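Thank you all for coming.

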Amino acid sequence: MENTSLIIRPCSINDKEAWIELNREFMAYEIQDADFWNNTASNSYDRFSLTFDEALNHQEWITLLILEQEHQIMGFANLMTIYSVWSHGKALILDDLYIKQEARGKGIGRVMMEYIETLGKEKGYKRLQFQSEDSNPDAHRFYTKLGYASEAMKFYVKYL
């Protein structure tokens, strides 16, 4: 595996521009139904900037991770914390995971998921959970290969 210079670290204020760019790239790749996702991809830079700032100021709820390889930012993960009665404690939700197209297939996603699992265990989380859209079969194969089980469910949302 050619990941000798791979670094995964928490986002800092200096990562704002890269985080916004990567999130926009991810949304353009992923979003099939803009209305369902609140037209997120078309939000202004200021909206993304405010979201980033709020996330950095609420690290008890959300963790933003940056993935670098050879001093280049190649991906990110956005993690959320909930208390789950089903898992009898804190659960870690992988809200977003994105690896740039040119970095895929090189084991980087696996390293990122291992990092997230270790982080969760070290911080006392009982479960790691996430969802993946039906329109992303590459993600389904990736997560299944890593040993994750899926459950057919519907995801409901209502913006308040």
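What we have here is a predicted model, in which local features need pLDDT of at least 70 and side-chain atom pairs count only at pLDDT 80 or more, while totals for chains, interfaces and linings use all residues. Residues are numbered from 1 along each chain as its sequence is written, and side-chain values use heavy atoms, with hydrogens and water left out.

The protein chain holds four helices and five strands, where helices (H or I, at least four residues) and strands (E, at least two) are DSSP runs numbered from the N terminus. Read from the N terminus, the order of these elements is β-α-α-β-β-β-α-β-α. Of the 160 residues, 36% count as buried, and buried here means under 20% relative accessible area, with a 1.4 Å probe and protein chains only.

Now to the pair of helices. H1 (residues 16-30) and H2 (residues 45-56) have axes that come within 10 Å and cross at roughly 115°; the axes are lines fitted to C-alpha atoms over the stretch in contact, and angles run from 0 to 180 degrees between N-to-C directions. H1 and H2 are therefore roughly perpendicular to each other, a label that covers angles of 65 to 115 degrees. Their contact, meaning heavy atoms within 4.5 Å, involves several residues of H1, among them Trp19, Ile20 and Met27, and several of H2, including Phe48 and Phe52. The residues of this contact divide into six nonpolar, three polar and four charged, where Ala, Val, Leu, Ile, Met, Phe, Trp, Tyr, Cys and Pro count as nonpolar, Asp, Glu, Lys and Arg as charged, and the others, Gly among them, as polar.

Next, where does Ser84 sit? Ser84 belongs to strand S3 (residues 72-84), and it counts as buried because its relative accessibility is 5%. A polar atom of the Ser84 side chain lies 3.2 Å from the backbone nitrogen of Trp86, and the side chain of Ser84 also reaches the backbone nitrogen of Ser87, at 3.1 Å. Beyond its neighbours within four places in sequence, Ser84 is in contact with Gly89, Ala91 and Arg127.

Finally, Leu94 lies in strand S4 (residues 89-99) and is buried, with a relative accessible area of 4%. Leu94 and Ile116 are 22 residues apart in sequence, yet their C-alpha atoms are 8.6 Å apart in space. Leaving aside neighbours within four places in sequence, the contacts of Leu94 include Ala77, Leu79, Ile116, Phe130 and Tyr143.

How values were computed: Buried < 20%, exposed > 50% of the residue type's maximum accessible area, 1.4 Å probe, protein only. Polar contact = N/O pair within 3.5 Å; in protein donor to acceptor, adjacent residues only side chain to side chain. Parallel < 35°, antiparallel > 145°, perpendicular 65-115°, else oblique.
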